[in-house]
Amino acid sequence: MADSLLNDLKLSLRLDSDEEDDTILNRNLIAAESYVKGAIGSDDGLMEGFYELDNVKQSYEIAVIALASSYYTFRSSGMTGRVNIVDMTGNSIIAQLRGKYLIEKERREADGSEHQS
């Protein structure tokens, strides 16, 4: 999935990147994935496979790409001390995914099941 997300990120930013850009973009993707999963919930234990569910995967990837795009576009803000509002699209999708996460968690706790695809 990482190569697919990297290619989607390049497309969203309209970049024909070089090796240096790829390094920055990969770090932005890792940071974005970490942020999104931290904001929604972990995908281990009872919630294993949550981010691969049909009704979750595409929204999750869009949120990650939107946030990583913002990190790339506003990367100088960390050095200058300016504060930028990062990615209202990503925040909206994260809020929706939090709801799906809680519903799926309740369903799994009630069923005692692992996950449904």
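Student: Are tyrosine 51 and tyrosine 60 buried or exposed?
Tutor: This is a predicted model, in which local features need pLDDT of at least 70, side-chain atom pairs count only at pLDDT 80 or more, and totals for chains, interfaces and linings use all residues. Residues are numbered from 1 along each chain as its sequence is written, and side-chain values use heavy atoms, with hydrogens and water left out. A residue is buried under 20% relative accessible area, exposed over 50% and partly exposed in between (1.4 Å probe, protein chains only). By that rule, tyrosine 51 and tyrosine 60 are both buried.

Student: How many aromatic pairs does the structure hold?
Tutor: Rings of Phe, Tyr and Trp (its six-membered ring) pair if their centres lie within 6.5 Å; planes under 30 degrees apart count as stacked, over 60 as edge-to-face and the rest as tilted. With that test, the number of aromatic pairs in the structure is three.

Student: What kind of pair do phenylalanine 50 and tyrosine 51 make?
Tutor: Their ring centres are 5.0 Å apart. The planes stand at 80°, so the pair is edge-to-face.

Student: And what kind do tyrosine 51 and tyrosine 60 make?
Tutor: Here the ring centres are 4.7 Å apart. The planes meet at 50°, so this pair is tilted.

Student: How many helices does the chain have?
Tutor: Helices (H or I, at least four residues) and strands (E, at least two) are DSSP runs, numbered from the N terminus. Along the sequence they give the pattern α-α-α-α-α. With zero strands, the helix count is five.

Student: How far apart are the end C-alpha atoms of helix 2?
Tutor: The expected span of a helix is 1.5 Å times one less than its number of residues. Helix 2 (residues 19–40) has 22 residues, so it should span 32 Å. The model agrees with this, as the end C-alpha atoms are apart by 31 Å.

Student: What arc do the buried residues of helix 2 cover?
Tutor: The buried residues of helix 2 include Leu25, Leu29, Ala32, Val36 and Ile40. They sit on the same side of helix 2, because the arc they cover around the axis (taken from the directions from the helix axis to the C-beta atoms) is only 125°.

Student: Which residues are exposed on the other side of helix 2?
Tutor: An α-helix has 3.6 residues a turn, so residues three or four places apart point the same way. On the other side of helix 2, the exposed residues are Glu19, Glu20, Arg27, Ile30, Ser34 and Gly38.

Student: Which residues touch the most other members of the largest nonpolar core?
Tutor: A nonpolar core is a set of buried Ala, Val, Leu, Ile, Met, Phe, Trp, Tyr and Cys residues joined through side-chain atoms within 4.5 Å. The largest one has 26 residues, and those touching the most other members are Val36, Ile40 and Phe50.

Student: Which helix gives the largest share of this core?
Tutor: Helix 1 (2–13), helix 2, helix 3 (54–73) and helix 5 each supply at least two residues of this core. The largest share is eight residues, and it comes from helix 3.
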